[in-house]
Amino acid sequence: MRPSKSADRPQHSNTNPNERGFSAGSTLADLLDFSTLVNPLGPPEWLRAVISAGVSSLSNLADPDCTALVETVAEKHHVSPDEVAIGCGSTALLQSLPRALTVKRALIPIPSRLDFMSAAEEAGVEVTKQRLREDRAFTLQISELGERLNGEEAVFIGQPSDPTGSIFPPNELNSLALNHPFTTFIVDESFYDFTDRNDSEAEKPPPNVVIVRSLSYIYAIPGLRLGYAIADREIIRRLKNLMPSISLSSLAQAIGTAALRDTGYVEKSRRFVAEQREKLLRELQTVPGIKIYPGVANFLLCRLERAGMDAPLLGERMGEAGIAIRICNDCEGLDGSFFQVAVKSDEENRRLCRALKSEFGVPLPPIKRRKVPAVMFQGTSSNAGKSVLAAALCRILLQDGYRVAPFKAQNMSLNSYVTRDGGEMGRAQVVQAQACRLDPDVRMNPILLKPSSETGSQAIVMGKPVSTMNFEEYIQYKSKAFSFIKEAYDSLAAEKEVMVIEGAGSPAEVNLKDHDIANMKTARYAESPVLLVGDIEPGGVFASFIGTMEVMAEWERSLIAGFVINRFRGIKSLLDPALEYTQQHTGRPTLGVVPYILDLGLPEEDSVAFKNGNLDRTPPTGEHVEIAVIDLPHISNFTDFDAFRIEPDVYLKIIRTLQDFGDPDAVILPGSKNVIADLDYLRKTGLDVKITEIFRGGKKELIGICGGFQLIGERIADPHRIESEGRTVSGLGLLSISTVLSPDKTLMRASAKHIQSGLMIKGYEIHHGRTEGGGGVPTVLREDGEVIGVGSEDGHIWGTYLHGIFDDDAYRRWFIDRLRVKKGLQPIGRTLVNYDLEPALDRLADIVRQNLQVDEIYRLIGLK
């Protein structure tokens with residue numbers, strides 16, 4: 001264990017990869033390093049923000065007195081600022097202290113931190129060693145220490161000690177210090193923040209006690225070299241006189257100040273390390289021939305008790321397995337049988353223990369099968385194109401012979417679908433399932449949130465409604481929701497060779513990240529690399545890539561494999577400087593530039609594109625009919641009329657205001673997740689009056705689908721407070737029907753007969769309401785005999801609960817021809833186009849394959 005001349009630099013048994021027994025072709029980046037004693041959680045998330053904000057300050061000289069940092073240390077430990085000194089790590093402070101104290105002798109319990117010995121020797125101080133007893137787990141006995149003191153010496157103590165991890169009661173040291181006022185006690189608390197103690201000596205220590213602390217280990221920033229000392233003001237004055245006039249850069253000072261104010265990260269780290277340390281201890285105890293010394297820090301000291309094996313040889317063998325351990329044979333007080341391992345994550349600790357057992361011939365249980373290969377598309381924003389790219393890759397993988405399935409942990413959308421077994425799921429995953437040529441399965445979208453108000457959504461879990469929750473209630477529910485997500489993913493993935501996962505919104509929503517279950521948490525669980533998708537159409541895509549990376553925690557950044565630019569128009573070579581800049585800034589490549597695809601021919605995931613007008617089209621030039629759709633605030637299943645877009649003689653128009661109305665041949669009132677609120681909207685905007693007026697003449701046609709069907713009736717009651725505070729309201733009164741909203745939700749696939757046309761049609765029902773009334777003429781009759789659609793006597797006004805009615809090619813042509821006849825045009829009498837997603841999916845796959853680095857993505861997934 002060689003001493004380090006650089007402050008707080010991790011100390012290893014070897015520094016040359018070849019000396020560690022690395023296999024050919026391996027690199028330091030491949031090494032699982034148990035010899036570095038830094039926080040296994042990595043740096044706190046705020047670190048990048050502080051660095052970014054502090055870059056401008058680098059053009060100015062740093063504050064030589066570190067005023068802000070000193071004041072923060074003083075405030076944290078309830079001492080005066082003139083009792084604080086800042087240094088380039090704890091090592092720099094330890095090296096200067098023997099000279100500042102002008103002591104003649106140093107007493108150092110061994111084994112202990114190597115910096116203690118080097119600091120005393122470099123100061124020319126005589127060193128006396130006190131050997132700690134192994135049968136006491138190398139724990140310092142304060143009473144025995146007192147017997148060795150005679151004044152004018154400095155005593156170096158680790159609290160907890162490195163490399164043993166042992167700790168002693170601080171009150172005993174206080175008593176000893178008071179009884180020996182001419183002895184100075186230097187207490188190294190570099191690893192103290194990893195313990196569960198709150199009785200640090202730094203809280204107003206006796207005048208002859210110096211506390212040295214490091215921020216490098218607990219905050220995982222050893223490269224910044226940050227430390228401080230707390231002591232009597234005279235000691236601090238002398239210590240400062242020996243140190244450089246400017247010891248820390250302005251950036252390092254800013255980081256130190258932010259670190260000391262972040263108590264939450266320390267508490268989180270303590271809990272994590274304590275849990276993992278106990279697990280690691282228990283697992284190491286199952287390895288025969290290794291003795292473990294329980295400690296309280298983020299590492300464990302171990303001793304080999306096996307013939308023919310010492311720690312240096314074990315270190316070489318572990319190096320061959322891609323693991324570095326800390327060999328302690330050059331630490332005085334320990335021989336070549338001792339080694340030390342850091343506490344790391346659960347998965348990393350298991351890998352260490354498995355390697356040790358393998359080395360010692362311990363029978364190993366079967367290796368847990370690696371999770372099914374997967375790749376995840378996340379976006380810099382909603383509507384970046386994640387759903388479409390996921391569908392494209394699903395079809396590409398299918399074409400290449402893989403059994404593939406889509407997955408989206410949590411979807412927020414009013415555009416849903418009913419599976420064969422009556423479960424409700426997001427429409428986007430239905431399209432992705434079709435890309436895989438699979439029947440839609442609620443496991444593909446275990447959590448569906450359907451907004452019903454500005455602050456509340458109905459939660460659909462594994463295809464069934466659970467309850468309507470506001471934002472705070474859903475946050476509390478998320479831990480339970482994630483258990484459903486994991487169960488669904490594992491079950492589905494077990495049946496497939498590869499999974500294509502879609503995220504939700506953006507992983508960079510800093511106000512939501514802590515409890516986000518749809519993005520990085522899912523990626524980590526699935527062990528999936530992440531492709532970050534950005535829409536270049538509105539501009540700012542490169543800033544979005546870089547900004548997203550900047551707000552991510554280190555573990556989140558490690559999952560990002562690269563970027564995909566979507567909806568590009570123009571010459572790709574013009575992007576080269578920006579692509580290079582982005583890779584230089586983030587360390588991640590751009591793995592595809594996908595062009596803007598006109599007339600994609602696939603349903604949209606949600607109403608974003610619909611609401612912002614991206615789906616609006618200009619009227620055809622030839623003979624055509626005009627079908628208008630009312631854009632309700634809570635519109636749901638807006639894809640019910642998507643099939644009209646492919647008809648050459650139909651102009652599909654979206655009505656958002658009275659001025660948009662014009663003179664349509666038919667108006668569709670679509671589904672709604674809150675019919676009462678949307679009815680209020682129609683009345684507030686005057687659209688209700690316009691709708692009523694336009695249909696008095698009997699030449700236009702009005703169709704209500706699901707929620708729209710309820711709106712055109714006479715009455716809507718909500719006694720169970722499904723969508724309101726129990727209101728009962730009058731509908732538009734265009735059909736003699738009434739609806740009562742019920743807690744029981746109808747979810748079913750259905751085949752039905754359209755009575756007027758005589759055609760059989762298929763679709764699905766999703767509704768809370770029960771609609772009754774004898775004043776309407778049955779128009780849609782379900783195969784079980786139940787009426788699920790009624791209309792007026794003349795057939796100009798009608799509605800149905802059947803979603804997807806217009807997806808049927810024959811019925812859609814019948815409906816359009818009827819509108820043509822009313823308009824004085826000749827009916828066509830035959831199907832012009834088929835509403836079939838297969839050609840669109842194949843076309844999408846071809847385009848994306850040409851513009852995405854598919855081979856590299858396959859390599860990332862583990863398929864090549």
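Notes on a predicted model

Q: How much accessible surface does the protein have?
A: The accessible surface comes to about 35100 Å², and 50% of it belongs to carbon and sulfur atoms. Accessible areas come from the Shrake-Rupley method with a 1.4 Å probe, and for residues only the protein chains shown count as cover.

Q: What should I know about the model and its numbering?
A: This is a predicted model, where local features need pLDDT of at least 70 and side-chain atom pairs count only at pLDDT 80 or more, while totals for chains, interfaces and linings use all residues. Residues are numbered from 1 along each chain as its sequence is written, and side-chain values use heavy atoms, with hydrogens and water left out.

Q: What box do the C-alpha atoms fill?
A: Along the principal axes, the box is roughly 115 × 55 × 50 Å.

Q: And how many helices and strands?
A: The protein has 25 helices and 38 strands. Helices (H or I, at least four residues) and strands (E, at least two) are DSSP runs, numbered from the N terminus.

Q: What share of the residues is buried?
A: Of the 864 residues, 58% count as buried. Buried means under 20% relative accessible area, exposed means over 50%, and partly exposed is in between (1.4 Å probe, protein chains only).

Q: How do contacts split by sequence distance?
A: Among contacts between residues at least 6 apart in sequence, 72% join residues at least 24 apart. A contact means heavy atoms within 4.5 Å.

Q: Give me an example. What does Leu 852 touch?
A: Not counting residues up to four places away in sequence, Leu 852 touches Val 564, Leu 591, Gly 592 and Ile 857. Leu 852 and Gly 592 are 260 residues apart in sequence, but their C-alpha atoms are 4.2 Å apart in space.

Q: Where is Leu 852, and is it buried or exposed?
A: Leu 852 is in the loop between α24 (837-851) and α25 (854-861). It counts as buried because its relative accessibility is 7%.

Q: Switching to the surface: which residues make the positive patch?
A: Lys 268, Arg 271, Lys 486, Lys 521 and Arg 524 gather there. Helices α9 (263-284) and α15 (520-526) each supply at least two of the patch residues. Lys 268 is in α9 and is partly exposed, because its relative accessible area is 48%.

Q: What counts as a patch?
A: Patches are made of residues with over 30% relative accessible area and no salt bridge; like charges are joined within 9 Å, and nonpolar side chains (Val, Leu, Ile, Met, Phe, Trp, Tyr) within 5 Å. A salt bridge is a side-chain nitrogen of Lys or Arg within 4 Å of a carboxyl oxygen of Asp or Glu.

Q: Which residues form the nonpolar one?
A: Ile 51, Val 55 and Leu 58 form it, with about 240 Å² of accessible area together. Ile 51 lies in helix α1 (residues 47-54).

Q: What about the backbone: which peptide bonds are cis?
A: Two to look at are Gln 159 to Pro 160, with omega near 0°, and Asp 162 to Pro 163, with omega near 25°. Pro 160 is in the loop between β5 (153-158) and α6 (170-179), and Pro 163 is in the loop between β5 and α6 too.

Q: What is the phi of Thr 102?
A: Thr 102 has a positive phi of about 50°, although it is not a glycine. Its loop runs between α3 (89-101) and β3 (105-110). Thr 102 counts as exposed because its relative accessibility is 61%.

Key
Lys, Arg positive; Asp, Glu negative; His and termini not counted. Charge placed at Lys NZ, Arg CZ, Asp CG, Glu CD.
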